[in-house]
Amino acid sequence: MSRATLAAVAVISAAVLAYQVLLMRLFSIVSWHHFAYMIISIALLGFGASGTALVLAQRWLVARFVPVFAVCAVLFAVTAIGSFAMALRLPFNPLAIVWDARQLAWLGFSYALLVLPFVFGGGAIGLTFSRYSAEIGRLYAFDLIGAGVGALGVVGLLFWLSPPGTLRLVAALGLLAAALACLGSAHRIAAAGLGLVAAVVTLWLPPALTALHPHVSQYKSLAMALQVPDARIIEERSSPLGLIDVVESPTIPFRHAPGLSLNNIMEPPPQLGIFTDAESISTITRFNGDLGPLSYLDFTTSALPYHLLDGPETLILGAGGGEQVLLALYHGAAEIDAVELNPQVIGLVSGAYADFAGDIYAHPAVDVHPGEARSFVSRAEKHYDLIQIPLLYSFGAAAAGTQSLHENYTYTVEAMRAYLDRLEPGGLLSVTLWVKLPPRDTLKLFATAVEALRQEGVADPGARLALIRSWKTSTLLVKNGPFTATEVALVREFTAERSFDLAWYSGMPSDEANRYNILERPDFFEAATALSAAQGEDYIDAYKFSIVPATDDRPYFYDFFKWRFLPELLNLRTQGAAAMLDMGYLILFATLVQAVILSLLLILAPLAIRRRRFGGTAPKARTSAYFLALGLAFLFIEIAYIQRFILFLGHPLYAVAVVVAGFLVFAGVGSALSSRLDRALHGARLGALEVSVLGISAVAVVYLFILAPLFDALIALPDPIKISIALALIAPLACFMGMPFPLGIAHVAREDADLVPWAWGINGCASVVAAILATLLAIHFGFTTVMLLAVALYLATPFMLRRRAMERFDADC
């Protein structure tokens with residue numbers, strides 16, 4: 001095997017993994033974040049389908065290795081761009097999936113399109129393993145190195161290239177792999193031609209083919225903003241943290257002041273809209289140093305804490321374009337620490353648009369910090385009079401339920417406790433959310449705050465809470481100490497002057513609720529009264545939406561879905577109840593159903609047909625159960641780790657890239673070591689399989705206890721160090737997890753080689769389904785339950801595969 005062939009394998013592996021991570025970024029822009037787990041499932045389905053095709057035509061394909069590898073790599077490049085471009089143009093509307101059955105078909109078509117690059121990429125890799133099976137060690141090393149470099153490298157590329165530009169480069173890598181394969185044989189002219197085509201694809205492919213903006217969902221904020229006459233994008237910046245678009249609307253100006261009181265008489269100054277991934281909106285407001293024009297900000301619910309504090313030292317988590325910084329300056333905040341996740345947003349406000357914004361981030365009272373909110377709070381040394389968490393998502397995303405699958409660690413019980421720990425005595429935590437009807441978000445936040453206070457040892461949480469609402473927003477205050485009568489009077493005065501509604505303060509009479517923005521019932525007050533009482537759990541259980549407090553183990557703050565109330569909502573969908581459904585959850589469930597169907601059709605059905613046509617041993621139930629359990633367990637742990645490492649690494653894309661790369665590389669190491677371990681333990685009381693599953697169980701259970709405090713202690717470290725720590729934590733677990741599959745394949749091959757393709761197929765099907773099922777289980781039961789379920793499956797595998805394991809167990813008993 002030539003060096004060029006090894007390089008070709010590394011390059012195609014890098015391209016495939018880079019494409020998988022990149023698709024998550026692309027669909028976060030044109031659609032929503034919940035498609036991330038669909039992409040993982042699609043990739044696994046493609047790999048499984050390619051393995052099935054290889055089994056069915058192995059001799060013919062292996063005999064024509066170079067041209068088939070080159071064709072597969074070229075087709076990967078073509079479909080990487082073509083399938084995505086076609087998927088963008090499908091009339092698929094995920095928000096209509098409940099009431100429009102055609103959308104299920106379009107979802108399936110999207111799945112079928114997007115699986116093609118993984119079929120061809122996986123086919124090229126699998127073909128090489130079949131052709132050079134005698135040199136599997138070297139091949140596996142180059143495959144894993146390439147995959148790891150691709151998964152992590154694409155994140156680095158996104159700092160330099162736009163997502164469409166990165167897509168062109170990934171496609172060019174497929175062509176480069178084809179060229180390298182040809183270079184390793186006599187097809188040098190073909191290699192030169194493919195190299196030239198790769199350069200053309202990278203540099204001169206028409207941008208319109210993969211342009212994102214024309215295909216952004218019409219329900220995302222950017223798409224709606226651009227419908228305004230003369231509105232246009234004046235600047236675009238991209239990084240792994242998000243695609244930033246700055247929008248100017250001269251004809252109908254932006255007037256972004258969420259929940260602004262109808263009593264306000266001051267017109268907001270001119271604004272520029274900042275959209276992250278075409279959705280979350282912030283604004284840069286024109287400011288010339290005169291605080292007078294900012295008086296409109298005092299007529300928003302977010303202004304309430306400034307009427308209870310005098311010149312507070314303030315921490316703003318989610319500064320964005322600076323609106324909340326202006327509010328703090330307007331009220332004379334003594335010191336302002338403003339935290340913003342995306343450094344490019346800070347760069348816009350303090351650089352390109354500094355004159356427009358009055359250079360507020362250079363104001364003497366303001367210190368700006370790029371970083372994630374929880375990370376900053378963990379490393380902060382000082383205490384604050386006020387911690388302000390403004391609106392972090394657009395109303396459209398919140399109302400549509402598209403955030404229901406978003407792991408949000410800002411609003412968990414643990415986060416609330418961390419914020420309270422950073423408050424001065426008498427200090428305030430202020431959190432503003434959109435108001436949705438029937439109430440959901442606000443009630444879940446209230447319940448989360450109550451639980452956080454109880455865990456802090458507060459006997460009467462209601463005495464430390466105050467809640468108000470406008471026609472569109474609500475603001476919850478959590479005090480480090482009970483509210484005084486004077487402060488309650490100030491809250492009542494603030495709401496009366498602005499026609500805001502009181503929803504809760506301790507001792508509040510019911511006739512003070514629901515006075516201005518009138519609902520059929522005082523739902524917010526009644527809910528807050530119940531949630532602050534000892535019987536709050538009964539209210540949570542009976543409520544038609546899930547308002548269970550969010551935790552770091554179940555960080556799905558925007559998940560409100562309850563299965564038992566789905567029939568009622570569906571019956572009322574023609575009366576507007578469809579808007580109350582969590583679309584993200586339902587789309588994920590529909591994707592799970594389609595993943596089951598497609599994996600059966602593309603992986604198992606062809607293998608079953610082959611066995612019936614050519615004969616062979618019927619698969620044994622325990623063999624099928626073994627590889628089914630392995631597929632489920634491996635992906636359960638991997639998906640749970642992706643979700644858990646989001647908090648530590650600060651962004652979903654970082655977590656996906658690091659965790660996927662780590663599990664690939666170190667599971668490969670474990671796989672390579674499995675045969676040595678099997679030989680070393682041959683005839684021992686515990687075989688290699690038993691040792692590996694015990695190792696998995698031990699490490700996984702230990703991590704359940706140590707990861708949370710470890711993350712708390714290390715979360716403030718720089719990103720490169722955290723990535724290294726994450727890989728070091730993944731290494732021992734993934735190494736053990738890489739052993740059971742090759743050990744099982746070797747065992748099956750010794751008993752009956754005809755069953756090996758079936759084992760691969762069962763494992764592939766389970767992996768495809770597990771990528772989605774793990775997320776659904778985590779939403780309902782938490783990451784800990786998913787991990788424990790995976791451990792239980794691993795512990796059961798020796799008894800499934802080997803009767804002698806059961807015999808040993810019986811003997812010991």
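Reply: A nonpolar core here is a set of buried Ala, Val, Leu, Ile, Met, Phe, Trp, Tyr and Cys residues joined through side-chain atoms within 4.5 Å, and buried means under 20% relative accessible area. Keep in mind that this is a predicted model.

A bit of background before zooming in. The protein has 813 residues, and 60% of them are buried. If you take contacts between residues at least 6 apart in sequence, 76% of them join residues at least 24 apart.

Now the core itself. The largest one holds 159 residues, and the members that touch the most others are Phe69, Ile637, Tyr641, Phe645, Phe663 and Leu733. Helix H21 (residues 621-649) gives this core its largest share, 19 residues.

On to the rings. The count of aromatic pairs is 28. One of them joins Phe446 and Trp504: the ring centres sit 6.3 Å apart and the planes meet at 85°, and since over 60 degrees counts as edge-to-face, that is the label for this pair. Phe446 belongs to helix H15 (residues 441-455) and Trp504 to strand S12 (residues 501-505), so the pair links distant parts of the chain, 58 residues apart. Both Phe446 and Trp504 are buried. Tyr543 and Phe545 make another pair, this one tilted, with 6.2 Å from centre to centre and 55° between the planes. Tyr543 and Phe545 are buried as well.

Seven of its eight residues are buried, so call H10 mostly covered. The buried ones are Glu323, Gln324, Val325, Leu326, Leu327, Ala328 and Leu329. What covers them includes strands S4 (280-285), S5 (313-317), S6 (335-340), S7 (366-370) and S8 (384-389). Setting aside neighbours within four places in sequence, Gln324 is in contact with Ser302, Tyr306, Ile316, Gln388 and Pro390. The C-alpha atoms of Gln324 and Ile389 are 9.1 Å apart, although 65 residues separate them along the chain. After H10 comes Gly332, with a positive phi near 75°.

Last, the outside. The protein exposes about 30800 Å², and carbon and sulfur atoms supply 63% of that. Trp563, Phe589, Val593, Ile597, Leu601 and Leu602 form a nonpolar patch on the surface, with about 510 Å² of accessible area together. Val593 sits in helix H20 (residues 583-614). Val593 has a relative accessible area of 39%, so this residue is partly exposed.

Key
Residues numbered from 1 in each chain as written. Predicted model: local features only at pLDDT ≥ 70, side-chain atom pairs only at ≥ 80, totals over all residues. Heavy atoms only, no water. Buried < 20%, exposed > 50% of the residue type's maximum accessible area, 1.4 Å probe, protein only. Contact = heavy atoms within 4.5 Å. Areas by Shrake-Rupley, 256 points an atom, 1.4 Å probe, with all protein chains shown as cover. Patch = residues over 30% accessible without salt bridge, like charges linked within 9 Å, V, L, I, M, F, W, Y side chains within 5 Å. Salt bridge = Lys/Arg side-chain N within 4 Å of Asp/Glu carboxyl O. Helix = DSSP H or I, 4+ residues; strand = E, 2+ residues; numbered from the N terminus. Phe/Tyr/Trp six-rings, centres within 6.5 Å; stacked < 30°, edge-to-face > 60°.
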